[in-house]
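Here is a short note for a colleague who is opening this structure for the first time. Please keep the sequence and the 3D view at hand.

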Amino acid sequence: MIKVSDTAKKKVIELMTDDGYDPSTDYVRVGVKSGGCSGLSYDLKFDKENQENDKMFEDNDVKIIVDKKSFLYLIGTTLEYSGGLNGTGFVFNNPNANRTCGCGESFSL
């Protein structure tokens, strides 16, 4: 399961609406790909379709889809949004990550 904080929910709904997506029916696609300074990096985008190999979750009124391969890396992760002095953007609090980079956008297991 992937959780969504209240601040991330507000920002997701705002961005989805701005980009022409419907937060009540469309999805936030979260994934993991090779790259980044720690070996793996997070991928987040909006999607209208749930693929056959996707796992679907809903938390805090946000529908999330994750491909099965990425799901193994993301179990227990909380999606948060930071608007502070250290930068603005989505933050993945991943309990599975052994090491993260300074920017928080990549990790290793």
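The points below go from the overall fold to the core and then to the salt bridges.

1. Overall fold. This is a predicted model. The protein chain has two helices and nine strands. Their order along the sequence is β-α-β-β-β-β-α-β-β-β-β.

2. Burial and surface. The protein chain has 109 residues, and 39% of them count as buried. Among contacts with a separation of 6 or more, 50% come from residues 24 or more positions apart.

3. Nonpolar core. The largest nonpolar core holds 19 residues. Val12, Val28, Val30, Val62, Ile64, Val66 and Leu74 have the most contacts inside it. Helix 1 (6-18), strand 2 (27-34), strand 3 (40-47), strand 5 (62-67) and helix 2 (68-74) each give two or more residues to this core.

4. A residue to look at. Beyond its neighbours within four places in sequence, Val66 is in contact with several residues, including Ile2, Val30, Phe57, Phe71 and Leu74.

5. Salt bridges. There are six in the structure. One pairs Asp61 with Lys9, with the closest N and O atoms 3.3 Å apart. Asp61 sits in the loop between strand 4 (54-59) and strand 5, and Lys9 in helix 1, 52 residues apart.

6. A loop-to-loop pair. Asp26 forms a salt bridge with Lys48. Asp26 lies in the loop between helix 1 and strand 2, and Lys48 in the loop between strand 3 and strand 4, so the pair ties together parts 22 residues apart in sequence. Asp26 is buried at 7% relative accessible area, whereas Lys48 is partly exposed at 48%.

Technical notes
Residues are numbered from 1 along each chain as its sequence is written. This is a predicted model: local features need pLDDT of at least 70, side-chain atom pairs count only at pLDDT 80 or more; totals for chains, interfaces and linings use all residues. Side-chain values use heavy atoms; hydrogens and water are left out. A nonpolar core is a set of buried Ala, Val, Leu, Ile, Met, Phe, Trp, Tyr and Cys residues joined through side-chain atoms within 4.5 Å. Buried means under 20% relative accessible area, exposed over 50%, partly exposed in between (1.4 Å probe, protein chains only). Helices (H or I, at least four residues) and strands (E, at least two) are DSSP runs, numbered from the N terminus. Contact means heavy atoms within 4.5 Å. A salt bridge is a side-chain nitrogen of Lys or Arg within 4 Å of a carboxyl oxygen of Asp or Glu.
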